[in-house]
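Subject: Handover of a structure

Dear colleague,

Please find below the structure that I am passing on to you. My findings follow directly after it.

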Amino acid sequence: MIRQSSLTRLGSMLNTAVGHSKKPANGEIQWCFSQVKGTLDDEITEADIISCVEFNHDGDLLATGDKGGRVVIFQRDPGSKTSVPKRGEYNVYSTFQSHEPEFDYLKSLEIEEKINKIRWLRRKNPAHFLLSTNDKTIKLWKVSERDKRAEGYNLKDEAGEMKDKGVLTGLRVPVLKPMELMVEASPRRIYANAHTYHINSISVNSDAETYLSADDLRINLWHLDITDQSFNIVDIKPANMEELTEVITAAEFHPTDCNHFVYSSSKGLIRLCDMRMAALCDRHAKLFEEPEDPANRSFFSEIISSISDVKFSRSGRYMLSRDYLSVKVWDLHMETKPIETYPVHEYLRSKLCSLYENDCIFDKFECCWGNNDQAILTGSYNNFFRMFDRTSKRDVTLEASREIARPKTTLKAKKICSGGKRKKDEVSVDSLDFNKKILHTAWHPTENIIAVAATNNLFIFQDKF
């Protein structure tokens, strides 16, 4: 029996119709509240904290994983796609327990059930497939619908019991009869025992046959049909572990070139590898690095320069990287420096000492591209999330909170005061809640619909028409 997630509890879903209004004259998106999943209670269960969010390739499905090892899949409401204006409304489609807590007896080590990443495979038939992983084991899940059942078996009765063969007088053909729609999630493959360290990334290749998985020191290449072996394509483990200077933090395949992938490191470097050059990709094809400004050098420089996430743009021309204080856009044709740098919460630079003491400085924020390579989304503290427009160079800070979880609520921009006199609408840096953090975000592949994970709640926002 699956323990019910807070995302699927009855009465925990707030659905609203999105209001009608014109976009502002400057063409900027006005974001509006659409839904929130999960209870808005103050009591939070550790297992209910969302640990990853991912839209599938057409945006009709939205998957979340949590620290309790569960995967919850939401499906776009068909009416919300055809309504004028379109609405971004999602209903619970399937919930299943993906991973259970395990114990490694050889190393006396507990393996958490927490879902680290979810990646969808491109759809080839009526069923949906996704990969989910915890620290050690990757699973391929098939999610399928069943709305018919077979009746009229020869050797079994309607209850499924075997019939007495003596009463059989003839043969009949079983028939399919309609039944209530049932969504089934079944594990089709389990890829285990390939990583010594914790898995931080999985990425499906554009060839739809292979995928990579990365831990702190190695990247493995898998074939989706083969579970008992993988090929180690990157290994940065030194002969003497005392000589270790960096670890792998994220890895991703190029969206269209099946031979290219990138991986980022704790040194703030991004390496692009070409699998055509050699079987082992320890030698990179390109190295993306920004020289450090000596004026900003401090005790915390190495920690805050570590890249926590790297994403190719949808076109494959650019990359987006997230470090502790900023997001950077890289052109694949220019390795020397990023073409754009956007500060996420520069006002925290003076707070790095206290953030180090409470371990917040090690938080791993993710980032994502908009549906047209022109917008960027990433999270911050106090349930704030940041959006950057690459065309207008404008940015905005918005908040995912229970106060805006009301019908037709337009999100208001937040302003943070870092010192001096605070104005009426500003939020003081000293009043920020560092326990409320938005680490995981996702953007619909073709529409302005975003999903933001705020602890145990999943907020869905869309542009206001």
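**Two loop residues with positive phi**

Asn-383 lies in the loop that connects β26 (375-379) with β27 (384-389). Please bear in mind that this is a predicted model. The phi of Asn-383 is near 60°, a positive value in a residue that is not glycine. In general, most residues other than glycine have a negative phi. Asn-383 counts as buried, because its relative accessibility is 10% and the cut-off for buried is under 20%.

Thr-455 also has a positive phi, of about 60°, although it is not a glycine. Thr-455 is placed in the loop between β32 (449-454) and β33 (457-463). With a relative accessibility of 18%, Thr-455 counts as buried.

**Cysteines**

How many disulfides does the model contain? The count comes to zero, where a disulfide would require two cysteine sulfur atoms within 2.5 Å. For Cys-360, the nearest cysteine sulfur is that of Cys-353, 13 Å away, so Cys-360 is in no disulfide. Cys-360 has a relative accessibility of 5% and therefore counts as buried. Cys-417 counts as buried as well, at 9% relative accessibility.

Strands of a sheet pair through backbone hydrogen bonds, in either a parallel or an antiparallel manner. Between β3 and β4 (residues 61-66), the antiparallel pairing extends over five bridges. Within this pairing, Cys-52 has Gly-65 in β4 as its bridge partner.

**A nonpolar patch on the surface**

Which residues form a nonpolar patch on the surface? They are Leu-155, Met-162, Val-167 and Leu-168, which together have about 370 Å² of accessible area. Leu-168 is located in the loop between β11 (138-151) and β12 (175-191). At 32% relative accessibility, Leu-168 counts as partly exposed, because that class lies between the cut-offs of 20% and 50%.

With kind regards

Note on methods
Residues are numbered from 1 along each chain as its sequence is written. This is a predicted model: local features need pLDDT of at least 70, side-chain atom pairs count only at pLDDT 80 or more; totals for chains, interfaces and linings use all residues. Side-chain values use heavy atoms; hydrogens and water are left out. Helices (H or I, at least four residues) and strands (E, at least two) are DSSP runs, numbered from the N terminus. Buried means under 20% relative accessible area, exposed over 50%, partly exposed in between (1.4 Å probe, protein chains only). Patches are made of residues with over 30% relative accessible area and no salt bridge: like charges are joined within 9 Å, nonpolar side chains (Val, Leu, Ile, Met, Phe, Trp, Tyr) within 5 Å. Accessible areas come from the Shrake-Rupley method with a 1.4 Å probe; for residues, only the protein chains shown count as cover. A salt bridge is a side-chain nitrogen of Lys or Arg within 4 Å of a carboxyl oxygen of Asp or Glu. Two strands pair if DSSP finds at least two bridges between them.
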